[in-house]
Amino acid sequence: MNFQNNNGNEAIEWPYPVHYDRTIHVYADVLVIGGGLAGCCAAIAASRRGKKVVICDKAPIKKSGCGGAGMDHWNTVLESPTSPMSVEENIECGRDTGMCHRDYIAEKGTWDALMELEKLGLNIRDDLDEFKDAATRDEATGLLKAYDYREMVAVKLHGGNYIKPILWKGAKDAGAEMYERVMVTSLLTEGGRQGARVVGAAGFSMTGGEFYVFHSKSVIISAGYACSMWIYNMEITGNSYRWDPNEIGEGLAMAWTAGAEVYGMHKAGSTKGNNPFAWPRFGIGNPSNTWFPCSIVDNRGKEIPWEDVNGNILTSVEARNIPAEGQPYIGSSKSDNLQGIGQANLIHDLGERIRNGEYELPLWADLAGMPEAERRSIWGVMIGNEGKSRFTLYDLYTRSGFDPEKDMLMAPVELPENYMKFGAWFHGEPDVVKPWRTENGGQGEIACDWKLMTNLPGLFVAGASGGLEGCSFACSTGFYAGNRAAEYAADTDQGEIDEKQLIAERERVYAPVKRTGQKNAYVSWKELWGGTTRVMQQCCGEYKTVPILKHGLMWLESIKNTEGQMTFARNPHELARVLECDTRFTVSSIFLHACISRIEAEETGETDGYIFNRLNGENVETVFKEKKYWLKGENEPGYLDNYEKCLERERSGR
Amino acid sequence: MSDKCYVVPNPSGPTLAVSIDPDRCVGCNSCVNICRIQTLLPNPVHGRPPIVAYPDECWYCACCVEACPRGALEMHLPINQRIFFKRKETGEVFRIGAADSPSKSYFQPPVGW
Ligand SMILES: Cc1cc2nc3c(=O)[nH]c(=O)nc-3n(C[C@H](O)[C@H](O)[C@H](O)COP(=O)(O)OP(=O)(O)OC[C@H]3O[C@@H](n4cnc5c(N)ncnc54)[C@H](O)[C@@H]3O)c2cc1C
Ligand code: SF4
Ligand code: SF4
């Protein structure tokens with residue numbers, strides 16, 4: 001056996017026939033860009049409304065996207081029959097995200113979406129009674145509660161590894177047509193005009209290289225996150241949590257270029273989460289997320305005490321999952337915008353206590369010492385279903401002799417104070433925590449209205465592309481957007497695609513393959529990627545000023561016009577990687593522009609409402625919206641009224 | 001007319017990312033067809049093991065491992081050599097993947113499978 005030569009490093013012919021000059025036209029009522037969790041749900045909903053639906057994805061839909069490798073938490077099911085709080089209340093008391101209508105829509109649909117997944121075949125309940133009488137189990141439903149064992153607000157996604165295969169089959173059975181390994185590169189608008197109605201999209205095949213033109217009455221962007229703007233990391237992507245590497249932000253970039261408004265893009269600048277020092281997420285000893293509420297002991301076997309959000313010491317393992325006094329429920333700070341719903345954590349002055357010798361490093365996650373049901377829940381339900389952990393951790397660690405009944409898993413050695421930072425344990429040293437949004441969660445937020453429609457008529461958004469993170473929000477908004485896009489399509493004709501726009505896009509897409517053989521085409525996509533991340537590290541770091549940000553814009557432009565014109569692509573795979581760098585130019589520039597408008601608004605004191613940005617020709621416009629604009633004017637008075645109005649047609653079956 | 005294109009399989013990163021046992025592989029390409037990255041490409045010779053073309057782009061999602069009907073494919077997480085665990089009762093310390101790690105007599109499947 002000779003693994004080492006990788007079956008030979010000699011050049012081989014690309015294994016698929018390639019036809020760069022062929023154009024394939026596809027017609028749809030509803031086009032879904034990105035067949036991840038949100039995209040599949042959107043396709044199912046729109047197909048059921050009798051529409052011809054086309055989904056395209058860079059990857060095989062059965063396993064594509066962030067959800068394709070598994071899931072363990074289904075968050076925020078406030079519409080469950082026993083919910084401790086209504087969605088209305090949760091949103092009213094919650095954090096102002098600048099788009100609370102969108103968050104409301106997401107929260108409203110999570111329970112129904114879970115029930116829908118079950119109908120499609122996902123095994124969500126403890127049907128084998130493995131957790132009978134365990135505190136995690138909700139006796140009425142057989143669901144497994146996460147974080148909070150008194151209230152059911154988050155659910156452990158029993159069977160979560162299968163979420164994508166189930167949705168893929170659901171979409172297929174509903175009649176959606178799938179175009180896999182097709183990378184969508186731009187939106188097509190009426191008359192080719194920016195800001196006009198969206199009438200389709202263009203892309204190309206990552207196997208055969210053909211040019212695709214999708215004609216569609218409405219379009220949904222569900223292309224996931226916008227990542228990798230700050231960090232060039234090749235071989236180490238697998239170690240850290242980084243979102244699906246296909247998610248560079250084409251959805252965001254194409255919406256922006258077409259004139260869509262974006263929101264919150266100034267919240268950028270951290271390099272945390274993807275750094276080369278990161279550990280396999282979930283694969284090290286720690287007490288949070290997938291491992292919540294695992295006991296942690298020090299190197300001498302002394303257990304670290306836990307405390308609740310009020311600072312009271314918890315004396316039993318069970319108490320970690322019971323809301324503290326005054327807490328309506330225990331949630332996940334990432335999904336639930338409510339204050340004070342945080343989880344119990346290790347004692348707050350642990351860092352100090354380590355430094356003064358009370359506890360000795362390294363720390364160990366004491367699975368062996370956990371009550372049996374909790375051990376089986378962490379290692380069996382969570383590690384068994386969470387993304388990238390079923391085979392990578394559960395199988396591999398087991399094969400290596402790790403026995404949850406007998407063993408404790410080591411936590412990385414960190415600055416003692418770091419042990420109090422949520423998730424920081426995964427990220428490794430040196431610590432690069434920054435106060436703004438992490439690249440890890442760096443989705444670009446395409447703004448939308450009560451129908452999840454953008455300011456471009458016919459263009460909808462769902463899932464992480466719209467800032468709606470997590471599997472429950474992605475699925476919930478997917479179903480919702482699919483229905484709204486189907487309704488839009490029912491009322492409209494197939495728009496005209498602008499020939500000039502198509503020709504220009506074709507030229508842009510195939511430019512890198514035309515350079516093959518040219519002497520100066522020696523730049524690979526990796527160099528281009530590395531170059532843009534350098535710009536962002538330098539000019540969009542923690543310390544930001546307008547001149548630095550403007551320098552960044554100039555620098556990006558310069559790379560784009562120089563090295564960007566020297567990049568080669570030897571086959572359709574490499575072509576996709578080069579075009580992803582074009583996406584990075586655009587997404588990075590949005591970040592820079594958004595930061596500039598933010599600083600300028602602060603200087604002029606216009607910080608009361610919300611700042612949106614959009615492209616108008618060559619210029620970037622700042623759009624101010626007043627506080628709570630989503631409940632003003634025609635959207636008065638309340639959340640539920642708007643929601644009900646949007647669901648009217650769906651309910652009456654028209 | 002089709003355009004002639006070439007692949008120059010990249011030298012691997014820290015590990016080979018994925019290795020395929022040619023004695024077990026039947027060349028069904030199930031792994032190729034599920035890989036989100038195109039790390040794996042079909043072998044030009046029909047029935048032969050896939051080419052590990054872009055190991056440096058692997059996401060280590062193990063979807064290929066899951067898809068292989070023959071257990072012919074192994075994924076090598078490049079960081080696994082660094083993680084330790086400790087047997088609670090004896091205090092012995094082992095490393096995931098180390099030659100001297102204890103053997104386990106049974107494999108309990110995870111929940112929900
Ligand atoms: C390892 C891991 C574990 C996670 N665990 C949890 C969890 O337990 N609970 C939870 O709530 N959340 C979890 N998340 C987050 C969750 O997976 C995401 O928030 C969710 O998948 C977002 O859904 P989405 O549909 O918006 O995007 P995705 O599901 O990521 O889908 C986006 C799709 O768009 C496609 N695409 C991108 N660009 C293009 C293009 N140009 N052309 C065509 N297609 C394109 C991609 O290939 C992809 O299939 C986890 C994420 C990861 C990576
Ligand atoms: S681990 Fe995932 S990304 Fe890597 S080769 Fe296998 S399927 Fe492809
Ligand atoms: S799935 Fe397994 S048997 Fe099939 S080609 Fe891949 S390695 Fe070979």
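Chain B contains two helices and seven strands, where helices (H or I, at least four residues) and strands (E, at least two) are DSSP runs numbered from the N terminus. Along the sequence of chain B, these elements follow the order β-β-α-β-β-α-β-β-β. Chain B is more spread out than a compact globule, because its radius of gyration is 18 Å, well over the 13 Å that the globule rule gives for 113 residues. That radius is taken over C-alpha atoms, and the globule rule is 2.2 Å times the number of residues to the power 0.38.

This is a predicted model, in which local features need pLDDT of at least 70 and side-chain atom pairs count only at pLDDT 80 or more, while totals for chains, interfaces and linings use all residues. Residues are numbered from 1 along each chain as its sequence is written, chains are lettered from A and ligands numbered from 1 in the order in which they are written, and side-chain values use heavy atoms, with hydrogens and water left out.

**Chain B as a whole**

The C-alpha atoms of chain B occupy a box of roughly 70 × 30 × 25 Å along the principal axes. Of its 113 residues, 55% count as buried; buried means under 20% relative accessible area, exposed over 50%, and partly exposed in between (1.4 Å probe, protein chains only).

Among contacts in chain B between residues at least 6 apart in sequence, 48% join residues at least 24 apart, a contact being heavy atoms within 4.5 Å. Chain B carries 11 positive and 10 negative charges, whose mean positions are 4 Å apart. Lys and Arg count as positive and Asp and Glu as negative, with His and the chain ends not counted; each charge is placed at NZ of Lys, CZ of Arg, CG of Asp or CD of Glu.

In strand β10(A), residues 211-221, eleven of eleven residues are buried. Two strands pair if DSSP finds at least two bridges between them. The pairings of β10(A) are listed below.

| Partner of β10(A) | Residues | Sense | Bridges |
|---|---|---|---|
| β2(A) | 23-33 | parallel | ten |
| β9(A) | 198-205 | antiparallel | five |
| β19(A) | 459-461 | parallel | three |

Tyr27(A) stands opposite His215(A) of β10(A), Phe204(A) is partnered by Phe211(A) in β10(A), and Ile221(A) is partnered by Val461(A) in β19(A). The hairpin of β9(A) and β10(A) has five residues between the strands, and within it Gly209(A) takes a positive phi near 75°.

Helix α8(A), residues 390-399, is mostly covered, with nine of its ten residues buried. Among them are Arg390(A), Asp395(A), Tyr394(A) and Tyr397(A). The cover over the buried residues of α8(A) draws on both chains: it includes α7 (372-385) and β17 (407-410) of chain A, together with α2 (63-67) and β5 (73-75) of chain B. Just after α8(A), Gly401(A) has a positive phi of about 95°.

Ser589(A) belongs to helix α14(A), residues 572-604. Ser589(A) is buried, with a relative accessible area of 16%. Leaving aside residues up to four places away in sequence, Ser589(A) touches Leu553(A), Leu556(A) and Arg584(A).

**Backbone features in loops of chain A**

The peptide bond from Phe292(A) to Pro293(A) is cis, with omega near 0°; Pro293(A) lies in the loop between β11 (262-263) and β12 (296-297). Leu361(A) and Pro362(A) are also joined by a cis peptide bond, with omega about 0°, and Pro362(A) is found in the loop between α6 (350-355) and β16 (364-365).

Lys388(A), which is not a glycine, has a positive phi of about 60°. Lys388(A) sits in the loop between α7 and α8 of chain A and is buried, at a relative accessible area of 12%. Leu452(A), likewise a residue other than glycine, has a positive phi near 60°. The loop between β18 (445-446) and β19 of chain A holds Leu452(A), which is buried with a relative accessible area of 0%.
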